[in-house]
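Q: Could you walk me through how the features of a protein model are read, taking the general idea of each and then the case at hand?

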Amino acid sequence: MRTQAAALVLAACASGAWAIPTFDEVRADFKPSDTLILSREGEVLQRLRTDATVRRGQWVPLADVSPALRQALVLSEDKRFFEHSGVDWRAASAAAWGNLWNQRTRGASTITMQLAGLLDGDWRQGPGGRTVVQKVGQTVAAQVLDRRWRKDQILEAYLNLVPFRSELVGIDALSRTLFGKAAHGLDDREAAVAAALVRAPNARPALVAQRACGVLRDMQQRPSTPASPAAPAVRVDCDALDLFTTAALQRRAFEASEGVAPHFARYLLRQREKDSVVPERVATTLRAPLQRFAMQSLQQHLRELRGRHVEDGAVLVLDNATGAVLAWVGSSGQLSQASEVDGVLALRQPGSTLKPFLYAQAIAERRLTAASLVEDSPAQITTAGGLYIPQNYDRQFKGWVSGRTALAASLNVPAVRTLVMVTPDAFHRQLGAMGLPLRESGDYFGYSLALGSPEVPLLHLTNAYRTLANGGRASPVAVTLANGGRASPVAATLANGGRVSAAAPAIDPRAAYIVGDILSDGNARARTFGTDSVLATRFWTAVKTGTSKDMRDNWAVGWSERYTVGVWVGNASGAAMHEVSGTSGAAPIWAAVMGFLHAREPSRAPKAPGGLVRAAVRFGPGQPPSAGVPQPLEAARDEWFVPGTQQSLFAIDSIASEPYSASASGQKSSKNAASNPTAPPAGASARITAPASGTVIALDPDIPPMRQRLQFTATGDAVQWRLDGKTLGRGPRVAWMPWPGRHVVQITDAQGKVLDEVRLEVRGAGVVAAPPRAGAH
């Protein structure tokens, strides 16, 4: 009976042993704890940990393992590894003899036997040691392994599967964590420590150092030969090795994420996790040289802005045709105190970068043309919440300007007047069609929607500009390469579920072309940015800048023939920047990235789509100068029109003597009529035209109080202004810094006679005096 039982045990063990997988199967089943993000060129851009239960690096071929480590491992674990057939019977008999006489001897488990235990959990040693069945099964499995696998394959698999210490499994994780280098760079001392950890993974540092010292002695001992019988033994400094081992075991150099695209990697893996797929390697659309250049450009420019309280930024580059993400820089890295925040996905106020979509909608709906005259003057728009008083960035007004100038020069008041024509709800729907779904309704934002009061991420804003570059057709971005190297699109999704899932018309292609033509016109933007602006590239581009309230966000977004580039600069905390404008903040980075993209690649202006009309236009006279010779509002030019909106002359019927209070009854075309009902009839006495009596003014908490001004206007040139009985100024216009409370505004003649009076109220926080500086008196 005992013989039969033993036979059954051997048969069971043998059946399990013969099920050992092949080397190729083991290699294919190996799963690192990290995912490698590859560029389209195959370069590793980012390594990101995706398995928190274990620390396992990449599979390391034996040829890439340090010769010192291979020698140390064999000397420490299996000196006759290359001689036996999987089981070292000599060591086994010595161990059995030692156990019989209660003598301590080295274990008889070979590297091959240990690998068998790693491959099949049935042979692994438990807390109480291995059972007889386990020992027999492990022995049989080791001999099967030795027959089926080559010695180098056994050693390679063992080095990649053996647990070293704590969560560290495999030589790649060990060498990068404890020694901060790849496995091929381990020297004798590091190899000895690694070999000692195999024997006792969780031993105290002193014990690991003691065993490593013995391994190092074996490695450095030169055996005597007839040729050199007096070869001296090499002395090993075990005390120094103890210090080295203790320091190494405390080191954690293998970071959870490493590379130049951390935010992109996390975004990409979140998309994959939705499908429950976390691959070992992901081929992406990123260009490695471009990614590095974009990151360097962002960091370099932010260093140049040091002292202006700006530390964060983001850069995104898209391929116009495919939507492929070519560069994704989510943070300034070490320059930021919030480097984990992804600036490409963060919701921020876009400022004036929404204006191109507004003007495109107005042109498509035939409410406006690129030549239509819009008044850039103080405006007080009545809303449900009170008066909305938009201001330009430079606090100046340009008078009557064309739509082309208004957009290119980024004038705020004309944009608000345009939104009044389009309506906030209609513009809200247009932004959604462009891939910019907003969390609140159009009525919630009101007319501030024209100036970028909602919050959008750089990813969606840049892709919306790409829609303009593609003639008004919206499509999703792509982040990975499908089979054949083509970009695989994924829908760009916001928290509220809005997405662009397929190419679809979002805006009239004719309107998109006209807006692109305006944004590429350096002369049109000169009124605000000058003729030598950083926005003026040597190749064709269309670009728009934007700055949010209180200088919290600064943007530059634009496109060339092939690429769309978006840049955001600001602070992840939401703190305001100091004197950082559209041309000094994001624009230089945008220009540098565009220059890199087109260093050897031309960019030509797009061809006009069918259905557009190009016609010569001229403009009527503007405000007469002191010489009395009227000058045209703008120079004559050729202009693009949607059919049916073209006309040859754009003018104002009459111009008031004061440039900001035009008494015009309308433009020559009824479609572009503009009027000023506040102008009094001829011969009327002077009166206050703005603000109206009973006006309630709400101070904007996002604009510094010292930068807020309320404009008082009146008819007549010789009037004098008084506020609450105190002299305020003289002339048809004065500016006043609003102060909370109820106020009485009056105009008088030269003799002090009150000609008109209005009462108003200002609500909100007043100006707080700055505390005195140290040493000031």
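**Reading the model**

A: Let us begin with a strand: β19 (residues 553-559) is mostly covered, since seven of its seven residues are buried, where buried means under 20% relative accessible area, exposed over 50% and partly exposed in between, with a 1.4 Å probe and protein chains only. Helices (H or I, at least four residues) and strands (E, at least two) are DSSP runs, numbered from the N terminus. This is a predicted model, in which local features need pLDDT of at least 70 and side-chain atom pairs count only at pLDDT 80 or more, while totals for chains, interfaces and linings use all residues. Residues are numbered from 1 along each chain as its sequence is written, and side-chain values use heavy atoms, with hydrogens and water left out.

Q: Which residues of β19 lie on one side, and which on the other?

A: On one side are Asp553, Trp555, Val557 and Trp559, on the other Asn554, Ala556 and Gly558, and all of them are buried, so that both faces of β19 are covered.

Q: Which strands pair with β19, and over how many bridges?

A: Two strands pair if DSSP finds at least two bridges between them. Strand β18 (residues 542-547) pairs with β19 in the antiparallel sense over six bridges, and Thr547 stands opposite Asn554 in β19. Strand β20 (residues 563-570) also runs antiparallel to β19, to which seven bridges join it, with Ala556 opposite Val567 in β20.

Q: How many residues lie between the strands of these hairpins?

A: The hairpin of β18 and β19 has five residues between the strands, and there Asp550 takes a positive phi near 60 degrees. The hairpin from β19 to β20 passes through three residues. Another hairpin is that of β27 and β28, with two residues between the strands, where Asp724 takes a positive phi near 55 degrees. Its strands, β27 (residues 720-723) and β28 (residues 726-730), pair in the antiparallel sense over four bridges, and the bridge partner of Trp721 is Gly729 in β28.

Q: How should the length of a helix be read, and what span should α9 have?

A: The expected span of a helix is 1.5 Å times one less than its number of residues. For the 12 residues of α9 (residues 188-199) this should give 16 Å, and the end C-alpha atoms are 17 Å apart, which agrees. Helix α19 (residues 458-469) likewise has 12 residues, and from its first C-alpha to its last it reaches 16 Å, close to the 16 Å expected.

Q: Why is α9 described as largely enclosed?

A: Nine of the 12 residues of α9 are buried, so the rest of the structure largely encloses this helix; among them are Glu190, Val193 and Leu197. At the start of α9, a side-chain oxygen of Asp187 reaches to within 3.2 Å of the backbone nitrogen of Arg189. As for α19, 11 of its 12 residues are buried, including His460, Asn463 and Arg466, and just after α19 Gly471 takes a positive phi of about 70 degrees.

Q: Which side chains does Glu601 join through polar contacts?

A: A polar contact is a pair of N or O atoms within 3.5 Å; within protein, one must be able to donate a hydrogen and the other to accept it, and residues adjacent in sequence count only if both atoms are side-chain atoms. Glu601 lies in the loop between α22 (587-597) and β21 (613-619), and its side chain makes a polar contact of 3.0 Å with that of Arg562 and another, also 3.0 Å, with that of Tyr563.

Q: How many aromatic pairs does the structure hold?

A: Rings of Phe, Tyr and Trp (its six-membered ring) pair if their centres lie within 6.5 Å; planes under 30 degrees apart count as stacked, over 60 as edge-to-face and the rest as tilted. The structure holds 16 aromatic pairs. One of them is the stacked pair of Phe293 and Phe596, 4.4 Å centre to centre with 15 degrees between the planes. This pair links distant parts of the chain, with Phe293 in helix α13 (residues 288-304) and Phe596 in helix α22, 303 residues apart. Phe293 counts as partly exposed at 23% relative accessibility, as does Phe596 at 36%.
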